[in-house]
Structure formats: C-alpha cells, structure tokens
Amino acid sequence: MLLTLSTTHQPAEDLSYLLHKHPDRVQSFDLSFGQAHVFYPEVTPERCVACLLLDVDPVALVRGKGAGSDGLLDQYVNDRPYVCSSLMSVAISQVFGSALAGRSKDRAELVDVPLPLTARLDVLPVRGGEDLLHRIFEPLGYTITATRHPLDEQFAAWGEGPYYSVELQQSITVARLLQHLYVLIPVFDGRKHYYIGQDEVEKLLAKGESWLAEHPERAMITQRYLPRQQSLIRQALARLAEEDSPLGEEDESASVESAERPERERTLHEQRLDAVLAALLAGGAQRVLDLGCGEGKLLRLLLANKQFTEIVGLDVSVRSLEVAQRRLKFDRLPERQRERIRLLHGALTYRDERLANFDAAAIVEVIEHLDPARLKAFERVVFEHARPRTVVLTTPNREYNVVWESLPAGAMRHGDHRFEWTRAEFEAWGNRVGEQFGYSVSYSPVGPEVANLGAPSQMGLFETITIE
Ligand code: SAH
C-alpha cells in the first residue's frame with residue numbers, strides 16, 4: 001500500500017523539509033508489522049512527490065495482536081498487506097511524526113502555511129460505498145478523485161470490489177493533511193489491527209483537534225474509528241460535543257446535560273484550566289487577559305462565566321487565533337457575548353499598550369515556549385507595563401517527566417518547549433519576579449501529585465502588593 005504526497009508549491013523541495021525526510025535516498029523504517037519506505041520519485045523546483053510505501057509482513061501481523069480475524073485462514077489470507085488501513089496510520093505517526101505534530105526544524109515558517117497538496121492512496125478499502133468518500137472528505141475542503149478497482153481484472157464477472165485509488169487535493173498545511181489521513185484512513189476500513197482502549201480516544205481527539213468537532217459526520221467518523229466500542233464512542237462524542245457547543249447564555253440545560261454525561265477523568269489540561277479559572281474567579285477579576293491563548297480553550301470557559309465582563313485573548317500565532325475564532329463561533333455569538341471578547345495578534349516579548357488596565361492575566365503553558373534570552377523582555381511586558389493586579393501562570397514541572405514512560409529520559413514534553421523548570425527553578429524565578437516588580441507569589445501543584453516529584457504542572461499566583 002502506498003501513500004503519495006505531492007506539491008506544486010515552489011520551491012517544491014520544501015516538502016521534504018516539512019516531512020523531515022531527505023529526498024536523495026530511500027529510507028526504510030522497521031515497524032512491528034513490517035517495513036515502511038520513504039522515497040521521492042520526483043523532485044524538481046516545480047514539483048515534489050514523496051511516497052510512503054508499506055511492506056507488511058502478514059505473518060508478523062498475525063504474531064502480533066491479531067487482525068480482528070474471523071478464522072485461521074482469514075488470519076493469513078486477507079487484504080491487510082495490500083490496503084491502506086490502520087497500519088498506514090501507525091506508519092504515518094511513526095515515520096512522519098514531526099510533520100504530523102506540525103514541527104519542522106528547517107522550515108518552521110512553513111508549518112502553518114497552507115500549500116497546494118495532493119495525497120493519493122493506493123488502495124483504500126471503502127466499506128459503505130463511494131458516497132462515504134464525499135461525505136467525509138468534502139466538508140474538509142478536499143477535491144476528490146476516486147477510481148474503483150474490480151475484484152479481479154481477469155474475472156470481470158466477479159464485479160467491483162470495495163477498493164479505490166483515491167486522490168485528495170487542496171491547499172492545506174502538511175500537518176493538517178496528515179492528521180486527516182491519520183484519523184480517516186481507518187474509518188473507511190472500519191477495522192483496527194490492534195486492541196482498542198482509552199488511548200484510542202485520546203489519539204482521535206488529539207489528531208482530530210480543531211476539525212473533528214465541527215465535522216458534520218463526526219458521529220459516524222467516531223463510531224467507525226472506535227469499532228464496536230460503545231462506551232469509548234459515547235465518551236469521545238461527549239467530549240467532541242463539549243468542544244463544539246455554541247457559547248450562548250449560561251442555561252440550565254447545559255448543567256443537566258453534563259450531569260448525564262458518563263463520568264470520566266478530567267484531562268490534565270482541563271484540570272489546569274479549572275485551576276486557573278478558579279483563581280481568576282476567586283480574585284474577583286472582571287477584565288481579564290489570556291496571554292498566549294492558543295486555540296481558545298480558556299477563553300471559552302471565561303466567556304461562560306458572567307463575572308468576566310471583558311475578555312481579551314492574545315497570541316503570536318495567527319493560525320491559533322483563527323482556530324480560536326472558529327471554535328468560539330464568533331460569527332454566531334449573541335451580541336451581548338460578542339461584545340465581551342476580543343482577540344489580539346501580538347507577541348509577549350514586546351511592550352503592548354493594548355494590555356494595560358486589566359484586572360488579571362492568565363498565562364497558561366506559554367512561558368516554556370519563550371526563548372530564555374527573551375524572558376526578561378516578557379517579564380517587563382507583563383509585570384511592569386501591562387501590570388494586571390493578578391497574574392496566574394502555569395508551566396510544566398520537569399521533575400514529573402520521569403513518570404511518563406513514553407517520554408525518553410531527559411526529553412521535554414513538546415518539541416517547541418525551550419525549557420522546562422523543576423519546582424525549585426519555577427519558584428526561584430517567580431520569587432525574583434515578585435520581588436522585582438512588587439507582587440506576592442504563591443505556588444500550587446496542578447494534576448495528581450507523586451511523592452518527591454510533585455504534580456505534572458505547576459501554577460504561580462502573582463498579586464500586586466498594595467502599600468496602604
Ligand atoms: N494557553 C493555551 C496555549 C498554550 S500553547 C492553552 O493552554 O491551551 C502556547 C501558546 O503560546 C501558543 O499558542 C503559542 O502561539 C503562544 N506563544 C508562544 N510564544 C508567544 C509569544 N512570544 N507571544 C505570544 N504568544 C506566544
């Protein structure tokens with residue numbers, strides 16, 4: 001099975017930097033079920049074509065966890081080695097992991113830029129009819145060309161099979177295209193080659209972030225992504241509904257609905273936002289800033305609380321602001337809500353008059369993205385010039401990283417983190433800033449605590465010291 005990615009963006013070779021794979025040689029990767037090869041049949045300034053070819057070992061596949069097979073023969077004789085299925089998604093995440101996460105060392109400036117891209121899948125088993133291709137890909141903006149293959153060219157009487165060559169085209173970022181393929185390839189097939197657990201819900205929501213909640217077929221996509229896992233499906237749909245619910249007035253039906261929702265653990269990020277929100281509410285703030293607001297998760301919580309009369313989100317990433325604007329459904333907000341919120345494009349390392357005269361600022365998981373050399377500028381922008389009465393700032397606690405087995409020793413949690421602080425380092429920084437700019441500081445853990453290591457995240461609450 002083959003995934004072919006091509007672009008006519010110029011210089012087309014940029015695609016190889018975005019994929020983090022050198023265009024001059026064939027590169028092979030061992031996967032649990034066989035090998036993946038990456039190669040470039042065409043690289044000119046005008047056009048670049050990259051191929052991801054999977055060479056699946058059917059025996060290795062059976063030795064693994066089993067392919068949801070029906071019988072012994074079916075275990076060995078099936079279409080798995082030849083079609084794009086969940087195996088392709090695994091290969092995408094392992095071979096194009098950085099690109100999927102939207103990272104590029106050498107073309108960072110292009111990561112957020114939509115490029116003219118074409119993805120071709122040979123072949124995709126579409127169980128449920130060709131119509132499915134249109135219902136799933138069209139709302140995402142793709143132009144689709146699908147060619148159906150006969151079951152056997154020698155025996156026309158056998159008719160058509162469920163197998164298609166599919167070409168998808170649009171101007172889109174490489175990361176978003178790969179996220180779509182990662183989630184949607186297995187959806188057409190409706191089978192998974194591995195055990196489906198809670199992890200799969202997290203993967204679906206993470207890779208589907210910023211597009212799945214708004215997809216008109218999100219329920220069908222979720223059901224097919226988590227085949228036969230009713231409780232996981234319910235959970236995923238409830239969480240997608242949370243992301244998508246329009247932000248009208250607070251009303252009682254919302255709380256009834258959440259009381260009926262299946263219990264689940266709050267994710268770490270939700271716990272973090274809860275803690276920040278609680279601190280802002282407790283401080284009595286009305287006019288609040290969310291600095292480095294990203295895609296607007298905290299803004300949404302702020303908007304749902306009447307205490308906050310003026311809410312301003314600022315971020316350096318235009319793409320994030322666009323997502324926030326879409327997620328918050330700016331164009332559909334009732335006027336009273338719309339008047340309470342604004343989004344600003346700006347950088348926290350430059351003095352910005354627009355940030356003056358606020359009661360409070362939240363700075364959630366942002367500081368670790370700043371270049372250490374720019375920290376001093378950031379401190380002055382926030383604590384000297386904007387100078388809100390309260391600042392609530394969270395950042396990862398590096399000591400906790402050893403708890404996550406999947407994180408290589410010494411690695412940071414996110415490719416874009418410039419540093420991660422221990423609790424002592426965070427407190428030393430906070431105390432110094434407090435002293436320099438006249439704020440008192442208190443610290444609290446966020447997330448479940450482990451003896452001697454603390455919690456995954458840490459929060460500092462800064463309050464101006466008023467001299468009577
Ligand atoms: N606060 C959000 C997003 C955290 S991710 C949340 O908790 O969900 C970090 C965010 O900081 C990103 O959206 C990034 O674009 C933004 N950011 C990084 N450097 C910045 C800077 N110098 N000025 C403003 N925003 C910045």
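Val-402, Val-403 and Val-450 make a nonpolar surface patch of about 220 Å²; such patches join nonpolar side chains within 5 Å, from residues with over 30% relative accessible area and no salt bridge. The model is predicted: local features need pLDDT of at least 70, side-chain atom pairs count only at pLDDT 80 or more, and totals for chains, interfaces and linings use all residues. Residues are numbered from 1 along each chain as its sequence is written, and side-chain values use heavy atoms, with hydrogens and water left out.

**Loop between strand 12 and helix 17**
- Val-403 lies in the loop between strand 12 (390-396) and helix 17 (423-437), where helices (H or I, at least four residues) and strands (E, at least two) are DSSP runs numbered from the N terminus.
- Val-403 counts as partly exposed because its relative accessibility is 31%; buried means under 20%, exposed over 50%, and partly exposed in between (1.4 Å probe, protein chains only).
- Glu-420 is found in that loop as well, but is buried, with a relative accessible area of 3%.
- The side chains of Glu-420 and Asn-401 make a polar contact at 2.8 Å (a pair of N or O atoms within 3.5 Å, one able to donate a hydrogen and the other to accept it).

**Ligand surroundings**
- Around the ligand are 15 residues, of which His-269, Gly-292, Asp-315, Leu-348 and Val-364 come nearest; a residue is near if one of its heavy atoms lies within 4 Å.
- A backbone N or O atom of Gly-292 is 2.7 Å from a ligand nitrogen atom, and one of Val-316 is 3.4 Å from a ligand nitrogen atom.
- In the side chain of Asp-315, an N or O atom lies 2.5 Å from an oxygen atom of the ligand.
- The protein covers 81% of the 570 Å² of accessible area that the ligand has on its own (Shrake-Rupley method, 1.4 Å probe).

**Salt bridges**
- The count is 26 salt bridges, each a side-chain nitrogen of Lys or Arg within 4 Å of a carboxyl oxygen of Asp or Glu.
- Asp-112 pairs with Arg-319, with the closest N and O atoms 3.4 Å apart; Asp-112 is in the loop between helix 5 (97-100) and strand 5 (115-125), and Arg-319 in helix 14 (residues 318-327), 207 residues apart.
- Arg-327 forms a salt bridge with Glu-209 at 3.9 Å between the closest N and O atoms.
- Arg-327 lies in helix 14 and Glu-209 in the loop between helix 8 (198-207) and helix 9 (218-225), so the pair ties together parts 118 residues apart in sequence.
- Arg-327 counts as buried, at 7% relative accessibility, whereas Glu-209 is partly exposed at 26%.

Notes:
Patch = residues over 30% accessible without salt bridge, like charges linked within 9 Å, V, L, I, M, F, W, Y side chains within 5 Å.
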